[in-house]
Amino acid sequence: MTDATIGAGGIEARTELAETGWKRLAMHILVFVIIVGVWELAGVFNQLNDLLLPAPSVIIGKFAEMWLPTFLGGTGRIYYHFFITLWEAVAGFFIGVSIGVSLAVTAAVSPMFRRYLAPYAVAFNVTPGIAVAPLIIAWFGFGLSSKIALATLVCFFAPFINTLTGLLHVDEEASELFRSMRANRQQYFWKLQLPSSMPLFIAGLKLALTGALLGAIVAEFFSASAGVGILMQRFSFKLDIGSALATLLSMSLMGLLFFTVMEILDYRVIFWKRDSRMQAVSKKRKAAWKM
Amino acid sequence: MSTATEAESGALPGLAPASKGDHAWIVAKHFALFFFLVLLWELGARAGWIDPLMFPAPWGIVKQIGFIYFIQGNVWHHLYITFAEALSGLFVGSLIGIGLATAAALSLRFREYIKPYIIVIEATPRIAVGPIFIAWLGFGFSSKVALAALVCFFGPFVNTLTGLLNIDAEAEELFRSMRATKWQTFWGLRVPNSATILMAGMKLGCASAFGGALVAEFISANEGMGVLMSRYTYVLNMNGAFATLLSITLFAFLLFKFADAVDYYIVFWRSDKLMQRKSKKRQAAFLKSLG
Amino acid sequence: MAAVAQAESSTKLNTIASGDVVIRANNLTKAFSETVIALENASFTVDKGEFVSLVGPSGCGKSTLLRLIAGLIPKTSGSLQVHGVEVDEPRADTAMMFQRAILLEWRTSVENVLLPSELIGKVTNEDKRRAMDLLDLVGLKDFEFTFPRQLSGGMQQRVALARLLQTGADLLLLDEPFGALDEFTRERMNLELLRIVAQFEATTVFVTHNITEAIFLADKVCVMTPRPGRLAKMIDVPFKRPREISLEVTPEFNELVAEVREVLGGDH
C-alpha cells in the first residue's frame with residue numbers, strides 16, 4: 001500500500017491527518033497498546049484457550065526465548081533457521097531474476113520468440129507455481145537445493161513479464177525522437193529503453209523477492225531439517241501455537257527486511273518520480289558538472 | 001500490482017492482434033511447436049536420455065490422465081474439492097479485502113490506523129500461516145478456505161482502495177458542485193470507477209487462492225488435488241503427479257477465463273459491442289418507463 | 001556565448017556551400033494504403049533562411065509532409081530533396097521538434113539538451129558550453145540542472161527548443177510545438193522562436209492548425225486541404241521582420257487570414 005493510495009484525495013476533504021510527527025506516532029502506539037492490552041487481559045481472565053491463542057505475553061516470551069542468545073538467557077535457536085531460509089530465498093531470488101530478465105530481453109529482441117513463448121507464459125501465469133512443490137522435492141531431494149528451486153520457480157515470472165513490458169512499451173514519440181536524431185540500436189537501448197523500463201523492472205523485483213520467500217518457506221513445509229518454515233510446521237503440529245506465532249513474527253521481520261531493501265533500491269534508482277529525490281540528484285549533478 | 005494488468009490481457013505485451021485468417025495459421029503453428037516438443041520428450045524418454053523419475057514420458061502421462069479421469073474417476077471429486085476451496089477462499093478474501101478497503105476509503109482515520117498493520121501483513125509471507133490454520137481449524141475444508149482467503153485478500157484490498165480513492169479530481173468536483181451527498185458520490189462515482197481495477201485485483205487473487213488452497217492441502221488433508229499430488233509424488237508415481245499438475249493448470253486457466261468473462265461483462269464500457277447492447281437495453285427500459 | 005557564435009558561423013558555411021534551395025519537392029505522394037492517401041502530388045521549394053508554415057485542418061497531411069522531409073517515413077512516389085540529396089532517412093543537417101517536449105525524465109535540462117551531441121559521438125567541453133548557452137538563450141538560466149517534472153509545460157518546450165539547436169542543424173522542422181500551451185505562453189514562444197531563427201539564420205518548416213500563428217511566423221504559408229491531403233496554395237507573407245504581435249490586428253494581416261480561410265473553404 002503506497003502513499004499514493006493512502007493520501008490521494010480521500011473521501012474526507014482532508015488528505016492528511018491534523019496530527020503530525022510525534023503525535024501521529026503516539027496515536028499508533030496507543031492503538032497497538034490497546035489491542036495488545038485487551039488481548040492480554042483476555043488471557044489473564046482465562047478467556048483464551050491456551051492451545052489455540054495464547055496471550056501476547058506468552059508469544060513475546062517465546063519470541064524472546066528464540067532470539068536471545070544463550071548468554072542473555074534465551075536459546076538463540078532462531079538464528080540458524082532464519083539464515084537458512086534467508087539464504088534460500090535470496091539465492092532463489094537472484095537465480096529467478098536472472099532467468100526472468102534473460103527471457104524478457106530475448107523476448108523483447110525477437111518477436112518470433114515472443115509469439116511462441118506467449119501461450120506457455122500465459123499457462124505459467126495462471127498456474128500457482130506452488131503446485132509444483134511436491135515435484136520439486138521429488139526431483140531435488142530434501143536438501144537446500146529443492147528450496148532454492150521452488151523459490152526460483154515461484155519468483156521468476158514477475159521480473160520476466162515486467163521487464164518485457166518495460167522494454168516493449170517505450171514512449172512512441174520518444175522512439176521517434178531518437179530515430180530523428182539517428183540513434184543506433186545500442187544508443188536506443190541504453191539511453192531510452194533501459195531507463196524507461198526501470199520503474200516496472202523494480203516493481204518486478206519487489207514481487208520476485210516476496211515470491212522467493214514464499215517458495216522457500218513452502219518447500220520447507222515438505223521436507224527440511226532447518227528453516228523457519230519447518231520450525232513453523234513443527235510448532236503447529238505440537239500445538240505450541242505461542243512458538244508458532246513467534247516464528248510467524250520472525251518471518252514478518254524477514255519480510256520487512258526485504259521490503260526495506262527494496263524500498264531503498266526503488267528510492268535510489270527511480271529518483272525522477274519523487275520531488276525530494278529529484279532535488280537531491282539535481283544538486284549532485286550540478287556539483288559534478290565540469291566543462 | 002503491475003502484473004495484474006498484464007495478466008488481464010492473457011497474452012504477452014507487444015504482440016499485435018492478428019486477423020481472423022492469420023489467427024488460424026498462428027494457432028496451427030503453436031500446436032505444431034507443442035507437438036514437436038512433446039515428441040522430443042517422448043523420444044528422449046524412450047531412448048533413456050531422460051530419467052523416467054524426473055520427466056515421465058508424455059504417453060505415460062496421457063494414459064494416466066485417461067485412467068484417473070475416465071476409468072478410476074476419483075479425480076473429479078478431488079478437483080471439485082480444491083476448486084470449492086479456492087473459490088470460497090477467493091470469495092471470502094475478496095469480501096474481506098473489499099470491506100476493509102471501503103472502510104479505509106470512507107475514513108481517513110481508519111486508513112491511517114491500519115496502515116502499519118497492512119504494511120506488516122503485506123511483508124509477511126502469509127502462506128506460512130498454513131500450519132497454524134490447520135492447528136486451529138483442523139484438517140478439513142475450512143482451514144483450506146481460510147488460508148486461500150488470507151493469501152488472496154490483498155489484491156482486491158489494494159485495488160479497491162486505489163479505485164475508490166484515485167478518482168479524477170474534476171469528476172469529484174463536479175459531484176460536489178451538484179451537492180451530491182457522500183453516499184451519492186460513493187455509489188455514483190467511486191464504485192463504478194473502481195470496477196475495472198477491482199476486477200484486475202480479483203483476477204490476481206484467482207491464482208493466489210488456488211495456491212493457498214493447494215498449500216494447505218499439502219500440509220495436511222484427506223482430499224483435494226494437492227493431496228493427490230502429494231500422494232503420487234510420495235510413491236514416485238510421476239505419471240500421476242504430472243497428470244495432476246496438468247489438471248491443476250487447466251482448471252486454474254479456466255477459472256481465470258471465467259473471471260475474465262465476468263470482468264468483461266461488468267466493466268461493459270470497455271467494449272463497443274457490449275456498449276451497444278447495453279445502450280439498446282437501457283433505451284428500451286427508458287421508453288417503457290415513460291409509458 | 002562564444003560557443004554559440006562559433007556554431008553560427010559553421011552553420012553559415014554549411015548552407016552557403018549547398019546553394020539557395022534547401023527543400024525541393026516534386027509530385028510528392030504518400031499513401032498509407034489503397035484508400036488512405038495522406039499526401040497527394042505536393043510540389044514546392046523552400047529557400048535557405050525561409051520560414052515556411054504548413055497550415056490546415058486535421059487530415060490535410062501537414063504532419064505527414066513534415067515527417068517525409070525529416071526522413072522518418074518513406075515516400076510512396078515523387079521526389080523530395082534536401083540540399084540536393086533525395087531524402088530516405090533522418091539527416092544530420094536536420095533537427096525536429098514535436099508537440100510534446102519529450103524530455104527524458106531521468107535527465108536534467110542540460111543533459112536533455114546534450115542528447116543529440118551524445119548520439120553523434122563523444123561530448124566535448126565545447127558541446128557542454130553550447131548547451132548551457134542555449135539554455136540561457138531560451139531563458140532557462142538557473143534551470144540547467146532541474147528535471148523535466150519540475151518544469152512547466154512552456155519551460156519543457158523551451159528545453160526542447162534548446163535541444164533542437166544543439167547540433168547546429170540548419171533545417172529546423174517543428175510539428176505544432178506550442179499547440180499544447182496556453183495562448184499567452186504560445187505568443188511568447190512564437191516571438192522567441194522568431195528571434196532565435198533569425199539569429200541562427202536557419203531554414204524552418206513549421207506545422208500548425210492555427211491560421212494566425214501560421215501567418216505571423218512565416219515568409220510563406222502552405223495551405224493544405226484534407227481528403228486527400230493536398231497542398232492547395234502557397235501564400236507569400238511580405239511583412240518585414242522583426243515582427244510584433246500588434247501586426248495581428250492590422251487589416252493587411254487579416255486580408256491574408258481571409259485568403260487562407262477561403263482556400264480552406266467549408267472544411268474548417
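Modeller: Helices and strands are taken here as DSSP runs, with helices being H or I over at least four residues and strands being E over at least two, and both are numbered from the N terminus. This is a predicted model, in which local features need pLDDT of at least 70 and side-chain atom pairs count only at pLDDT 80 or more, while totals for chains, interfaces and linings use all residues. Residues are numbered from 1 along each chain as its sequence is written, and chains are lettered from A and ligands numbered from 1 in the order in which they are written.

The part I would look at is chain B. Taken along the principal axes, the C-alpha atoms of chain B fill a box of roughly 75 × 55 × 40 Å. Of the 291 residues in chain B, 38% are buried, a residue being buried if 20 or more other C-beta atoms, placed from the backbone, lie within 10 Å of its own, exposed if 12 or fewer do, and partly exposed in between. Two residues are in contact if their C-beta atoms, again placed from the backbone, lie within 7 Å; among the contacts in chain B with a separation of 6 or more, 75% join residues 24 or more positions apart.

Helix α4 (residues 74-106) of chain B packs against helix α10 (residues 182-219) of chain B at an angle of about 125°, with their axes 8 Å apart; the axes are lines fitted to C-alpha atoms, for helices over the stretch in contact, and angles run from 0 to 180 degrees between N-to-C directions. That angle makes α4(B) oblique to α10(B), since angles under 35 degrees count as roughly parallel, over 145 as roughly antiparallel, 65 to 115 as roughly perpendicular and the rest as oblique. The crossing of α4(B) and α10(B) is right-handed, a term used if the near helix is turned clockwise from the far one by less than a right angle, with left-handed used if it is turned anticlockwise. On the α4(B) side, the residues that meet α10(B) include Gly89(B), Leu90(B) and Gly93(B), and on the α10(B) side they include Gly205(B), Ala209(B) and Ala213(B). The contact of α4(B) with α10(B) has eight nonpolar, six polar and two charged residues, where Ala, Val, Leu, Ile, Met, Phe, Trp, Tyr, Cys and Pro count as nonpolar, Asp, Glu, Lys and Arg as charged, and the others, Gly among them, as polar.

From there we can turn to the neighbour. In the pairing of the two chains, 63 residues of chain B are in contact with 65 residues of chain A. The elements that give two or more residues to the side of chain A that touches chain B include α2 (21-44), α11 (198-222) and α13 (241-269) of chain A, but the largest share, eleven residues, comes from α5(A). The side of chain A that touches chain B divides into 47 nonpolar, 14 polar and four charged residues.
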